[in-house]
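The sequence and model come first.

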Amino acid sequence: FAECANLTSIKIPSSVTKFGENCFKGCSKLTSIDIPAGITEFGKGCFSGCTGLTSGTIPASVVLVGDNCFNGCDNLVSIEIPSSIAKISKKCFSDCKKLTSVTILPGAEVLEDSCFAGCSNLTTIKIPSSVSKIGESSFYGCSGLTSVSIPAGVTELNDSCFAGCSGLTSVSIPSSVSRLPSNCFKGCIRLTSVDIPSGMVE
């Protein structure tokens, strides 16, 4: 159904278990989709450019969400990521300009590169303690974020992960992190408080 620009609604039968690569890409008038509980996988770019989508519910049956899955969903305002998803893939929600709230349920282990990059209106995100890695440029340009609490389970931060978060005023880094990567907080011009643990070596 890629580039079906006038598609407004679709009913998916419960027999479907997977949405393939670019399945609904560019369906700009699709405002909502009823995803059956048996779906286990969203392919790469599955909903990319679905600018009419305002909210998304990912069923608990989903275990894999491909790269760029919701990239450029300009009107998406909130999303809940179930505990069944261990990895939030590259550019999964990047450039979702109106995304304000993200709930990641415990179970996620990795936030891949640029997964929320360019979400300039994102104001709140709760990173669960199950996460161990925050990828390169994960929150790059999320200028609406004012504070970030990095959970104790995180052991790896990557380059530019919070760069360009110009609204960020405070951040707490857990003792599990021993190294701050290049440009980690570059351009965080309002940052006034950083809690760096005593065990930091680089």
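At 27% relative accessibility, Ser170 is partly exposed, a class that lies between buried (under 20% relative accessible area) and exposed (over 50%), with a 1.4 Å probe and protein chains only. Ser170 sits in strand 13, residues 170-172; strands (E, at least two residues) and helices (H or I, at least four) are DSSP runs numbered from the N terminus. Not counting residues up to four places away in sequence, Ser170 touches Thr146, Ser147, Val148, Leu191 and Ser193, where contact means heavy atoms within 4.5 Å.

## Basis of the values

The model is predicted: local features need pLDDT of at least 70 and side-chain atom pairs pLDDT 80 or more, while totals for chains, interfaces and linings use all residues. Residues are numbered from 1 along each chain as its sequence is written, and side-chain values use heavy atoms, with hydrogens and water left out.

## Aromatic pairs

Rings of Phe, Tyr and Trp (its six-membered ring) pair if their centres lie within 6.5 Å; planes under 30 degrees apart are stacked, over 60 edge-to-face, and the rest tilted. The count by this rule is 13 aromatic pairs. In one of them, Phe19 and Phe42 are stacked because their ring centres are 5.6 Å apart and their planes at 10 degrees. Phe19 belongs to strand 1 (residues 18-19) and Phe42 to strand 2 (residues 41-42), so this pair ties together parts 23 residues apart in sequence. Phe19 is buried at 3% relative accessible area, and Phe42 is buried at 1%.

Phe42 also pairs with Phe70, edge-to-face, at 6.3 Å centre to centre and 70 degrees between the planes. Phe70 lies in the loop between strand 4 (64-65) and strand 5 (78-81), so its pairing with Phe42 of strand 2 ties together parts 28 residues apart in sequence. Both Phe42 and Phe70 are buried. One aromatic cluster includes Phe1, Phe19, Phe42, Phe70 and Phe185.

## Ser48

Ser48 is in the loop between strand 2 and strand 3 and counts as buried at 11% relative accessibility. Leaving out residues up to four places away in sequence, Ser48 touches Phe24, Lys25, Gly26, Asn68, Cys69, Phe70 and Asn71.

## Nonpolar core

A nonpolar core is a set of buried Ala, Val, Leu, Ile, Met, Phe, Trp, Tyr and Cys residues joined through side-chain atoms within 4.5 Å. The largest one has 60 residues, and those with the most contacts inside it are Phe24, Phe42, Phe47, Phe93, Phe116, Ile134 and Phe139. Strand 5 and strand 7 (101-104) are the elements that give two or more residues to this core. Beyond its neighbours within four places in sequence, Phe116 has contacts that include Ile81, Phe93, Val102, Ile125 and Phe139.

## Pocket and cavity

On a 1 Å grid over the protein atoms alone, a cavity is a set of points where a 1.4 Å probe fits but cannot get out; a pocket is an open set with protein on both sides within 12 Å along at least five of seven lines, and lining residues have an atom within 4 Å of a point. The largest pocket holds about 160 Å³ of space. Its lining has 15 residues, with Ile33, Ile35, Ser55, Gly56 and Thr57 nearest the centre. Strand 3 (residues 55-57) supplies the largest share of this lining, three residues.

The structure holds one cavity of 30 Å³ or more. The lining of the largest cavity consists of Ile58, Val65, Ile81, Ile85, Lys87, Ile88, Ser89, Cys92 and Phe93.

Conventions: Grid points are joined across faces, edges and corners, and a volume is the space filled by probe spheres set on the points.
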